[in-house]
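Visitor: Please show me the structure, and then let us go through it by question and answer.

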Amino acid sequence: MRTRTQIGIVGGGPAGLLLSHLLALRGVDSVLVEIRSRDYCEARQRAGVLEDGSVALLRSADLADRLDRQGLVHGGIYLQFDGQRRHVDFRDLTGGRTVTVYAQTEVVKDLIARRLTDGGALEFSVTDTEVADLDSDRPLLRYTDASGDRHEVACDAIAGCDGFHGICRPAIPPGVLTTWERDYPYAWLGILADVPPSTDELIYAHHRNGFALHSLRSPSTSRLYLQVSPDEDIGQWPDGRIWAELASRFKLPGWTLQQGPVLDKSITPMRSFVSAPMRYGRLFLAGDAAHIVPPTGAKGLNLALADVAVLAPALDALLHGDEQPAAAYSAACLERVWRSTHFSWWMTTMLHNTPGTDEMATQLQLSQLRYTVGSRAAATSLAENYTGFPVQLSAEPRRWVSGAR
Ligand code: RFL
Ligand code: PHB
């Protein structure tokens with residue numbers, strides 16, 4: 001079946017879904033295709049922390065009803081190392097900036113519900129997605145729908161929002177993209193637990209057995225992570241072993257880690273990856289399709305949302321014959337991407353135990369951690385990066401000045 005839309009969107013994660021909504025607000029039609037089912041997309045456990053700018057973006061797009069009611073506003077984090085747990089106070093250090101704990105699953109549910117209410121074209125459970133004629137002004141999106149019917153959609157442009165393992169980036173001819181990649185020699189074992197959090201704000205813990213993170217999802221649900229080896233067999237981690245290891249990495253006199261039933265358990269590899277430019281002809285990459293950060297800085301979801309905030313007006317302009325914002329899209333996004341890539345790498349390498357390194361490496365990490373909590377300048381740098389820089393709503397050049405909004 002041959003059809004026509006303005007923007008074809010591949011991928012129904014946060015980037016693709018928010019893009020389809022932002023385009024609809026501008027009166028631009030799109031068709032979004034997603035290989036997974038709606039239930040799968042709404043249940044996939046991933047990020048949990050939204051920057052101030054992401055919250056402002058969702059509010060400005062009239063998507064923050066539930067976020068404003070259920071999101072937990074946090075004014076800092078704890079860094080734990082060498083037997084001490086020290087608070088980094090974002091509000092004080094950045095003139096009032098905060099982050100909001102609101103799970104990616106909830107952002108995705110809110111976006112899907114809104115698109116369906118607004119009559120948006122979302123196709124779940126598709127197969128054999130293809131993109132073609134990307135260097136023409138009529139690129140094609142092909143897919144087979146859940147009933148087995150093959151579709152060919154003629155588009156004005158295609159947005160590749162299909163994550164790191166998607167088909168859009170590989171559809172760009174060899175030699176066009178430059179890529180930078182770093183794999184880390186560790187992974188995260190993450191659990192979702194039916195137990196109230198044992199902390200009021202996130203705890204990032206440096207420990208000789210490896211990093212641990214105590215995050216949360218709600219007043220009654222906790223999210224916790226342990227550094228493990230990348231080839232770890234999750235079968236070797238029964239719940240009792242996970243809780244014992246978490247308790248030992250977060251151990252502090254007078255403090256107890258509450259334990260409860262484990263609802264979800266998975267292992268995530270850690271990678272830094274950037275590919276540039278984020279555009280080839282009429283194909284525009286956004287979110288994890290173009291870049292991946294290790295989760296230690298809580299940046300991936302925020303980067304995906306920030307990309308499409310720039311992409312939506314650029315595509316709108318392109319449809320009206322103004323090529324300039326589309327031409328500026330990649331460079332505008334990559335500036336933020338590289339800042340977050342550096343911050344995520346810095347947090348990761350400061351907090352994880354690298355197998356095979358010596359005591360010197362550990363002492364350097366501990367010195368960096370002491371400096372980060374002890375120097376207002378160093379703490380401010382962490383706070384400013386963690387809370388994030390304002391989201392741009394165009395491809396204008398940015399100024400990296402704290403509070404420059
Ligand atoms: P997604 O979410 O991967 O969505 C891509 C979608 O494309 C679909 N797809 C296809 N659809 C059609 N045809 C094809 N051929 C397709 N191939 C793939 C996929 O099924 C999927 O639905 O990418 P997007 O939208 O760019 O969003 C990126 C974020 O999901 C990701 O960066 C974050 O989850 C990263 N992340 C975190 N980010 C934060 O900002 N804060 C955090 O606290 C945070 N914690 C995390 C994280 C990621 C984690 N994992 C599991 C990777 C914690 C973890 C453990
Ligand atoms: C999460 O809640 O899943 C989470 C929080 C902070 C991170 C990574 C993941 O740095």
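Guide: Helix α9 passes helix α11 in a left-handed crossing, meaning that the near helix is turned anticlockwise from the far one by less than a right angle (clockwise would be right-handed). This is a predicted model, in which local features need pLDDT of at least 70 and side-chain atom pairs count only at pLDDT 80 or more, while totals for chains, interfaces and linings use all residues. Residues are numbered from 1 along each chain as its sequence is written, chains are lettered from A and ligands numbered from 1 in the order in which they are written, and side-chain values use heavy atoms, with hydrogens and water left out.

Visitor: At what angle do the axes of α9 and α11 cross?

Guide: Helices (H or I, at least four residues) and strands (E, at least two) are DSSP runs, numbered from the N terminus. Axes are lines fitted to C-alpha atoms, for helices over the stretch in contact, and angles run from 0 to 180 degrees between N-to-C directions. The axes of α9 (residues 324–351) and α11 (residues 376–387) come within 10 Å and cross at roughly 125°.

Visitor: Which word describes how α9 and α11 lie to each other?

Guide: Angles under 35 degrees count as roughly parallel, over 145 as roughly antiparallel, 65 to 115 as roughly perpendicular and the rest as oblique. The crossing angle is roughly 125°. The two helices, α9 and α11, are therefore oblique.

Visitor: Which residues of α11 does α9 meet?

Guide: Contact means heavy atoms within 4.5 Å. From α9 come Arg-339, Phe-343, Trp-346 and Met-347. Their partners in α11 are Leu-382, Asn-385 and Tyr-386.

Visitor: How far does a polar side-chain atom of Asp-288 lie from an oxygen atom of ligand 1?

Guide: Asp-288 is among the nearest of the 33 residues around ligand 1, where near means a heavy atom within 4 Å. A polar contact is a pair of N or O atoms within 3.5 Å. For this side chain of Asp-288 and an oxygen atom of ligand 1, the distance is 2.7 Å.

Visitor: Which residue has a polar backbone atom 2.8 Å from an oxygen atom of ligand 2?

Guide: Ligand 2 is surrounded by 15 residues. Tyr-204 places a polar side-chain atom 2.7 Å from an oxygen atom of ligand 2, and so does Arg-217. The backbone atom at 2.8 Å belongs to Pro-295.

Visitor: Which peptide bond is cis, with omega near 0°?

Guide: Pro-277 sits in the loop between β18 (262–276) and β19 (279–280). The cis bond runs from Ala-276 to Pro-277.

Technical notes: Polar contact = N/O pair within 3.5 Å; in protein donor to acceptor, adjacent residues only side chain to side chain.
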